[in-house]
Protein chains: 2
Amino acid sequence: MLYIDVMSRTPVYEQIIEQMEKLISAGILKEGEQLPSVRALSLELSVNPNTIQKAYGELDSKGIIGSVPGRGCYVMPGACDILKSIAKGKLPELQALAQTLMAAGVTREEIIRAIDECTHTVPVKEETK
Amino acid sequence: MLYIDVMSRTPVYEQIIEQMEKLISAGILKEGEQLPSVRALSLELSVNPNTIQKAYGELDSKGIIGSVPGRGCYVMPGACDILKSIAKGKLPELQALAQTLMAAGVTREEIIRAIDECTHTVPVKEETK
DNA sequence: GAAACTGTACTAAGACACATAGTACAGTTA
DNA sequence: TAACTGTACTATGTGTCTTAGTACAGTTTC
């Protein structure tokens, strides 16, 4: 379900956050659905329970998941809306990258073509098997 | 000439590298031109000379600048070409970001509009959120 | 030649984030 | 009661980044 790259410069807990958010945005983890427990996921990913807890804690503070002591963690209703507004907040990051590329001589068309290339093939919506 | 954000998560030496590369791409630092000395820049930016040396060392190993012991560091001829090819190598990074945004519900048009917005009006400056 | 610059190469130390390890406690469920 | 759940805490190890200090060799200028 999740894949951890221990060699990556991005911390493990952030990788977990990013992938959980993608699963929720994609509808693979539905609103109201229960997440794997801290201990179960730590075993599955071979990381420390504290690392999972840190990831879950941040998702909780964002309002994306809700934690119920004794019961478990659940995807909050409205999580997708929150994720979309967070995503819009990341547009400046994309703008900065685009600016860097164009300053180095990459053209607007090359950038847009690259975006179209990678987003055409993503099967987030039509999934009827 | 350069601005360091000590609160940033990106290391100081990387900030120096990025900004030097932008200055070279923009033609503000021309090929063949001499860079400020390690010690002078360390005083100007209030960082340790070792930090400057680390930045210069990486720029050197990329072939963007050349170091001559006793004389100084100079922008290498062909630096802009190298920078452009490095920039093209960063397209996957931009693709990944675009994919994340679109997976969260941001539309292709919103992304392209954001890119056009920032690249039309901003010359070479950097804008950190 | 001397002085003042240049880049370069070390070692040592501190700060900080990340991750692991272990323990403990309270709430929920079967 | 037993087995799960989240949560909190301390301690420890590790790696990167940064600073500090020293030293050496080459170049330039006077």
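How many Å² does the accessible surface of chain A come to, and what percentage of it belongs to carbon and sulfur atoms? In this predicted model, the accessible surface of chain A comes to about 7600 Å², and 55% of that belongs to carbon and sulfur atoms. Accessible areas were computed by the Shrake-Rupley method with a 1.4 Å probe, and for residues only the protein chains shown count as cover. Residues are numbered from 1 along each chain as its sequence is written, while chains are lettered from A and ligands numbered from 1 in the order in which they are written. Because the model is predicted, local features need pLDDT of at least 70 and side-chain atom pairs count only at pLDDT 80 or more, whereas totals for chains, interfaces and linings use all residues; side-chain values use heavy atoms, with hydrogens and water left out.

Read from the N terminus on, the order of elements is α-α-α-β-β-α-α-α. The C-alpha trace of chain A spans about 55 × 35 × 30 Å along its principal axes. Chain A is divided into domain 1 (12-84) and domain 2 (90-129), with bounds that come from an automatic or database domain assignment. The C-alpha centres of these two domains of chain A lie 27 Å apart.

Of the 129 residues of chain A, 37% count as buried; here buried means under 20% relative accessible area, exposed over 50%, and partly exposed in between (1.4 Å probe, protein chains only). Among the contacts in chain A with a separation of 6 or more, 47% come from residues 24 or more positions apart, a contact being heavy atoms within 4.5 Å. The chain carries 14 positive and 17 negative side chains, and the centres of the two sets lie 3 Å apart. For this count, Lys and Arg are positive and Asp and Glu negative, with His and the chain ends not counted; each charge is placed at NZ of Lys, CZ of Arg, CG of Asp or CD of Glu.

Helix α2 of chain A (residues 38-45) has a buried set made up of A:Leu41, A:Ser42 and A:Leu45. These residues cover an arc of only 105° around the axis, so they sit on the same side of α2(A); the arc is that of the directions from the helix axis to the C-beta atoms. As background, an α-helix has 3.6 residues a turn, so residues three or four places apart point the same way. A:Arg39 and A:Leu43, on the other side of α2(A), are exposed. The cover over the buried residues of α2(A) includes α1 (12-25) and α3 (49-62) of chain A.

Just after α2(A) comes A:Ser46, with a positive phi of about 60° although it is not a glycine. A:Ser46 is placed in the loop between α2 and α3 of chain A and is exposed, with a relative accessible area of 66%. In chain B, B:Ser46 likewise has a positive phi of about 60° without being a glycine. B:Ser46 belongs to the loop between α2 (38-45) and α3 (49-62) of chain B, and its relative accessible area of 66% makes it exposed.

Helix α1 of chain A holds A:Glu21, which is buried at a relative accessible area of 10%. Leaving out residues up to four places away in sequence, A:Glu21 touches A:Leu59, A:Lys62, A:Ile64 and A:Leu83.

A:Cys73 lies in strand β2 (residues 72-75) of chain A and counts as buried at 11% relative accessibility. Although A:Cys73 and A:Gln34 are 39 residues apart in sequence, their C-alpha atoms are 5.8 Å apart in space. Beyond its neighbours within four places in sequence, A:Cys73 has contacts that include A:Tyr56, A:Ile65 and A:Gln34. A:Cys80, in helix α4 of chain A, is partly exposed at 30% relative accessibility. With residues up to four places away in sequence not counted, A:Cys80 touches A:Ile24, A:Ser25 and A:Glu31.

Helix α4 (residues 79-88) of chain A also contains A:Lys88, which is partly exposed at 37% relative accessibility. Residues up to four places away in sequence aside, A:Lys88 touches B:Val106 and B:Glu110.

Methods:
Helices (H or I, at least four residues) and strands (E, at least two) are DSSP runs, numbered from the N terminus.
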